[in-house]
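Have the structure open in your viewer and keep the selection tool handy. We will go from stop to stop, with a note on what to pick at each one.

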Amino acid sequence: MPYDNQPAYDRLVFELSSPGRMAFSLPESDVPVEPALAAVPEKYRRRQPAALPEVSELDVVRHYSRLSQMNYGIDTHFYPLGSCTMKYNPRINEDAARLAGFARLHPLAAEALSQGALQLMHELAGMLAEIAGMDAVSLQPAAGAQGELAGVLMIRAYHEARGEKRTKVLIPDSAHGTNPASTALAGYEVIEVKSDAEGQVDLGDLERHLAADVAAFMITVPNTLGNFEPRVTEIAELCHARGAQVYMDGANLNAILGLTRPGDLGFDVCHFNLHKTFTTPHGGGGPGAGPVGVKAHLEPFLPVPVVARREQTYVLDWKRPQSIGKLQAFWGNFGMHVRAYTYIRTMGADGLRAVSENAVLNANYVMKRLEQHYDVAAPGPCMHECVLSARKQKKLGVTAMDIAKRLLDLGFYAPSTYFPLIVEEALMIEPTETESKETLDAFCEAMIRIAREAETAPEAIHQAPVTTPVRRLDQTRAAREPNLRWRGQR
Amino acid sequence: MRYLPNTPQNQRAMLDAIGVRSVEDLLVKIPAKARLSRPLALPPALAESDLVRHLRGLAARNADADSFTCFLGAGAYDHYVPSPISHLVLRGEFLTAYTPYQPEASQGTLRTIYEYQTMIAELTGMDVANASIYDGGSSLAEAVLMAHAVNGRGEIALTGAVNPLYRRVVETYVDGPGLRLREVPAPAGVTDLDAARRVVGGKTAALVVQSPNFYGCLEDVTAAAEIAHAAGALLIVVSDPVNLGVLEAPGRQGADVVVGEGQGLGVPLGFGGPYLGVFAAKQDFVRRLPGRLVGATVDLDGARGFALTLQTREQHIRRAKATSNICTNVALCALMATIYLAILGKQGLVRVGELSTAKAHYAARRLAEVPGVTLRFPQPFFKEFTLKLPKSPERVAARLARQNILAGLPLKGLDRKHADCLLVAVTEKRTKDEIDAFADALGKAVA
């Protein structure tokens with residue numbers, strides 16, 4: 001390997017390759033190889049070997065260690081990415097998921113041979129149902145978006161089972177993009193409902209749209225401006241009175257653990273993001289897990305199989321004729337179930353309530369400290385996150401994007417930017433409960449410094465970031481001339 | 001509480017700064033009647049050492065592939081996982097980062113995904129691969145939806161030898177758009193190509209074949225491609241990438257889209273997930289692909305850099321009109337596969353394939369020598385094959401489990417037509433001694 005001791009590392013693994021080098025360890029065969037190969041017809045055998053790298057084990061370890069150093073993670077940086085709940089990922093969760101009885105268990109091992117795994121899933125589903133005030137939970141969806149799809153398909157199956165033809169789903173304009181995308185995939189027409197200036201549902205607009213052909217209203221609580229929707233129970237009653245189901249996007253569940261429950265608020269369905277509230281690691285963009293909880297009237301439609309308990313035995317129940325079917329080949333992202341289970345058993349009821357209380361406290365503290373310097377999108381108190389607007393700074397030529405980039409230089413990952421779409425120059429900040437006051441103070445001071453720089457030296461902010469492995473990237477070129485694989489060029 | 005750093009003094013100072021007396025004053029927007037007035041009914045919190053003991057107890061009730069000799073497959077395989085993978089994916093900079101929305105601070109993840117896309121495109125013989133999807137089943141479902149979006153046709157032809165669990169996922173996903181699934185029979189363990197010619201026609205959006213298929217048999221993908229293309233349909237091939245060191249790249253057999261389960265590429269068995277949905281396609285479909293894509297570009301100084309690209313396909317921009325509802329990929333599993341393929345490399349992946357097929361052929365011969373046991377389908381296979389047993393496969397498998405052998409999958413549950421069959425997978429990790437012991441135990445069980 002051309003040893004690269006420069007602070008900037010710019011190699012791809014293919015560029016380290018040297019013919020004949022190897023990093024693997026495989027045994028000599030103890031059975032004949034040639035006759036087996038001869039039994040595979042030549043037309044099915046690969047003619048041109050795959051051009052994979054040839055490197056040593058140290059090459060691999062050093063290369064990926066160097067690449068990892070080009071990332072900001074929660075372990076290295078404060079990560080106030082709104083709506084993503086970037087809280088500490090406990091290491092005991094990782095140990096648990098790596099126990100051989102979990103990590104090395106084949107999904108098709110007979111039920112009698114996987115009782116511990118099925119018990120863990122059954123108990124986790126029960127704990128999530130209690131946390132959300134739901135009657136049943138399926139752990140199968142692989143991510144929040146798949147949980148949404150499952151939830152909307154169950155709503156559709158419910159209406160169809162009652163002989164009702166409903167074709168539309170209402171979604172606020174402040175919603176995550178997955179809400180309309182999942183709903184459209186489930187075969188519904190999506191109707192956007194307006195939010196008022198404070199990010200709350202415009203009840204008049206909702207009522208106008210809430211006709212007999214509406215299957216459901218899908219809403220995020222707390223909403224994407226970080227505020228609790230104060231009329232949420234009224235909204236649920238209104239929808240139910242018109243025969244529509246109410247779906248809660250659980251992306252922001254971290255705000256309400258032990259304080260209130262979606263089921264008690266009147267929701268029929270909600271999904272959970274185990275990678276947000278329940279500390280499974282985000283992994284650079286997955287894998288996550290998106291279990292979905294429902295009230296009893298939707299239980300017959302849950303994905304198959306359902307993990308059930310029959311006396312002292314846990315089983316996979318496939319005999320559910322009204323089920324919406326399967327979402328993944330197997331039973332869900334079990335490795336994430338183990339981590340979430342470990343977290344809930346670590347925290348207990350009091351611990352989870354303290355999680356939300358501290359998440360809310362931290363977000364309000366950040367909002368208070370920054371309100372003199374940035375516009376606040378909606379008046380507080382907020383819940384677990386706050387949304388600022390850089391519209392003041394934009395007049396000085398400094399955008400939300402510029403502020404995000406400058407934060408990278410000051411040692412922080414950036415808030416979510418330009419979301420929700422209804423807020424101009426949005427900066428969505430979710431500190432989470434696992435950050436200390438000292439960290440929040442340092443972050444607020446960086447934000448205040450940037451606000452000041454916007455007034456005194458905006459050009460410097462436009463240069464940011466300068467301390468990262470690369471500077472601002474030419475995204476237009478990336479999209480116009482897509483270069484999606486290495487072809488031997490630099 | 002070790003994950004919550006705020007001390008009572010910190011909390012007091014913060015509440016004072018906010019100007020409220022207590023956290024309760026911050027929760028006033030929650031309707032009082034919906035406040036939870038009791039503690040959540042959850043089991044008590046456990047200290048770390050007690051929790052570890054409890055978890056070990058649960059784990060010990062599972063027949064894992066360390067304590068049992070694993071001949072189970074059907075979409076999840078006990079392949080060799082090189083040691084560095086687990087160490088590297090546990091690096092916090094990979095583990096605890098999120099989606100690379102700020103590319104300047106996410107070059108590590110972006111570069112590994114670009115490497116992953118390159119390796120998968122190369123292995124499958126396709127032009128482009130996406131950054132991954134949830135698992136093999138949902139990858140196939142997304143491919144089917146993409147085919148429908150590309151040519152607007154409303155029927156999907158699936159051969160009867162596609163993994164029935166994948167078929168179930170496809171059925172769920174096509175419910176919304178209302179696509180019709182038509183089955184091409186595979187009575188001899190491989191797709192009946194004459195039947196395929198009859199089923200595939202002007203309404204067919206795509207023909208789906210899997211090779212090696214659910215029964216382990218190799219399919220004539222080239223012939224399937226000719227049938228699909230003659231009707232103006234796409235050919236979607238379900239393929240296990242770990243086999244592609246030895247087996248021909250589906251792209252060179254005429255596939256338009258290649259999907260599959262990448263679990264064999266260094267991802268733990270993990271009771272079925274998280275896994276790795278592989279998705280690769282021809283260049284023509286690049287703007288129709290579901291999921292994330294990473295592209296190379298340059299920064300302000302002209303230095304090479306990487307960023308998410310072609311995002312106008314995706315839900316956060318296109319919302320209801322996105323090519324898919326998928327928001328994440330499975331980046332950490334894709335990283336495991338990338339490190340796996342870097343370690344195995346050009347020679348190692350070929351060796352994995354050669355060893356697997358050698359052991360599988362040895363096992364098939366030994367097991368079919370057991371009186372009353374036969375190979376169900378006399379077709380070329382690779383690392384998996386179907387046995388017909390003279391006794392109930394469930395009972396035989398249960399009996400072998402008492403000798404710590406996971407004998408394979410009794411097909412009754414997933415495939416009623418083959419209730420007398422057992423699906424056996426053999427990877428490069430199985431030894432001759434293990435296979436011989438399996439054959440002896442099987443002999444006693446069916447005697």
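**Stop 1: where the two chains meet.** Colour chain A and chain B separately and look at the contact between them: chain B brings 169 residues to it and chain A brings 171. Keep in mind that this is a predicted model. Now select helix α11 of chain B, residues 331-368; with 24 residues, this helix gives the most to the side of chain B that touches chain A. Colouring that side by residue class will show you 99 nonpolar, 41 polar and 29 charged residues.

**Stop 2: chain A as a whole.** In cartoon view, chain A has 16 helices and 13 strands. Its C-alpha trace spans about 75 × 70 × 45 Å along the principal axes. How does the radius of gyration of chain A fit that of a compact globule? A compact globule of 490 residues would come out near 23 Å, and the 25 Å of chain A agrees with this. Of its 490 residues, 60% count as buried. Among contacts between residues at least 6 apart in the sequence of chain A, 71% link residues at least 24 apart.

**Stop 3: the domains of chain A.** Give each range its own colour: 13-68 for domain 1, 92-346 for domain 2 and 357-476 for domain 3. The C-alpha centres of domain 1 and domain 3 of chain A are 46 Å apart.

**Stop 4: a sheet in chain A.** Next, find the open, antiparallel sheet of four strands, which runs in the order β10-β11-β13-β12 in chain A. Zoom in on β12 and β13 (426-429) of chain A, an antiparallel pair held to two bridges. Pick A:T417 and you can look across to its bridge partner in β13, A:L427.

**Stop 5: the domains of chain B.** Bring chain B back and select domain 1 (69-81 + 345-446), then domain 2 (84-339). Their C-alpha centres lie 27 Å apart. Domain 1 of chain B puts 26 residues into the contact between them, and domain 2 of chain B puts in 24. On the domain 1 side, α11 and β12 (384-388) of chain B are the elements that give two or more residues. α11 of chain B gives the most there, with six. By class, that side has 14 nonpolar, six polar and six charged residues.

Notes:
Residues are numbered from 1 along each chain as its sequence is written. Chains are lettered from A and ligands numbered from 1 in the order in which they are written. This is a predicted model: local features need pLDDT of at least 70, side-chain atom pairs count only at pLDDT 80 or more; totals for chains, interfaces and linings use all residues. Two strands pair if DSSP finds at least two bridges between them. Two residues are in contact if their C-beta atoms, placed from the backbone, lie within 7 Å. Ala, Val, Leu, Ile, Met, Phe, Trp, Tyr, Cys and Pro count as nonpolar, Asp, Glu, Lys and Arg as charged, and the others, Gly among them, as polar. Domain bounds come from an automatic or database domain assignment. The radius of gyration is taken over C-alpha atoms; the globule rule is 2.2 Å times the number of residues to the power 0.38. A residue is buried if 20 or more other C-beta atoms lie within 10 Å of its own, exposed if 12 or fewer, and partly exposed in between; C-beta atoms are placed from the backbone.
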